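Trainee: Could you take me through one part of this model closely? I am new to it, and a plain account will do.

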Amino acid sequence: MEEEEIYNLEESSDEAQSKEESRLTDPKEDPEEQKIEINLRPQKLSEFVGQRQIKEPLSISIEASKKRKEPIEHVLLYGNPGLGKTTLANIIANEMDSHIRVTAGPALERVGDLAAILSNLTEGDVLFIDEIHRMNKTIEEVLYSAMEDYALDIIVGKGPAARTLRMPLEKFTLIGATTKLNLLSGPLRDRFGHVFHLNFYETEDIKKIVERSAKILEIDIHDIASDIISARARRTPRVANRLLRRVRDYAEVKHNGIISEESTANALGMLNIDQYGLDQVDRKILACIIEKFEGGPVGLNTLSAAAAEDMDTIETIYEPYLLQIGMIERTPRGRCATRLAYEHLNLEPGNKKQPLNFKGWKM
């Protein structure tokens, strides 16, 4: 029975490794884009821009752990997509001079998958689990002893003959990333020594990121052009880097490779991104609330059906930014459009007949 269990673990190890490699080298993703994205990520905490409320306590914890010559306590990072959770995980591993293993919650389908990864970690290694809130509950319970006691409890056999084996693990650091902290169970959340919330970035921090990325990509960019990109980047570094690459493409074809104010405005206009950083989907959501529901309130389920967008997509991707810039507000009865949304779409409250003046947007 033990030989059969060991064989299953080895088989799970190969499958887990295959899943991890396929996640890191997805054939659907452009290799050049993937390479650029990795190159743009800062490698040290001193290079990481913004999130001051995280950097100072994190740097102290890293320094203290290095002095004690032990792994840093488990870290939980939560916040909206694109704010730097994966980047911070890699920075922690670099600062601790540790190897990092990357996987995702949905990729861990069986207990054997987790056991295979954990048993291959050496002392001080970092295990990064993205979308940790989507992890199977059975696997989550196995993770408790691994995080707390650095041991893995494995059940061998079935029925009355079943017994538990405890497999010791090397001391490691688990870094979990999630966009939905509320979906993590209390026992798992409490086992993290550090819990950090990543906020949306200030525009001046986004500008620093744009300028740093432009330097790495060897792009000639004017100061006012970086201001425009920063203002329309939805206060998110990932969006800022994506817009910078698209403007670079436009400038190379239409403006001799120089990113000027004119080339930036033209490129973002072509992409239908307005001065607030809103795209067609953002404007469609606002238009639905104003035109079909008289400005709200409207429930998320109804809004999703009217806008033909998935509820999770609206709630996770679009709504947080619209709330941040004051275009919509949440009430106990649902979502409402604000005065700023009416002004941006060139509408008057209560006037349902007035058409949306799309040409009125300042690109």
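Mentor: Two strands pair if DSSP finds at least two bridges between them. Strands are DSSP runs of E with at least two residues, helices are runs of H or I with at least four, and both are numbered from the N terminus. The model is predicted: local features need pLDDT of at least 70, side-chain atom pairs count only at pLDDT 80 or more, and totals for chains, interfaces and linings use all residues. Residues are numbered from 1 along each chain as its sequence is written, and side-chain values use heavy atoms, without hydrogens and water.

Start with β2 and β3 (residues 126-130), which pair in the parallel sense over five bridges. Within this pair, T103 has I129 in β3 as its bridge partner. Both strands belong to an open sheet of five strands with parallel pairing, in the order β2-β3-β6-β1-β7. At the edges are β2 (100-104) and β7 (194-198), each pairing on one side only. From one strand to the next, the twist averages 15°. Helix α4 packs on this sheet and touches β1 (75-79), β2, β3, β6 (173-178) and β7, where contact means heavy atoms within 4.5 Å. The direction of α4 makes about 160° with that of β1; such angles run from 0 to 180 degrees between N-to-C directions, with axes fitted to C-alpha atoms, for helices over the stretch in contact.

Helix α4 (residues 85-95) also has a helix beside it: its axis and that of α3 (residues 52-68) come within 10 Å and cross at roughly 30°. In this contact, I54, L58, I62 and K66 of α3 meet L88, I92 and E95 of α4.
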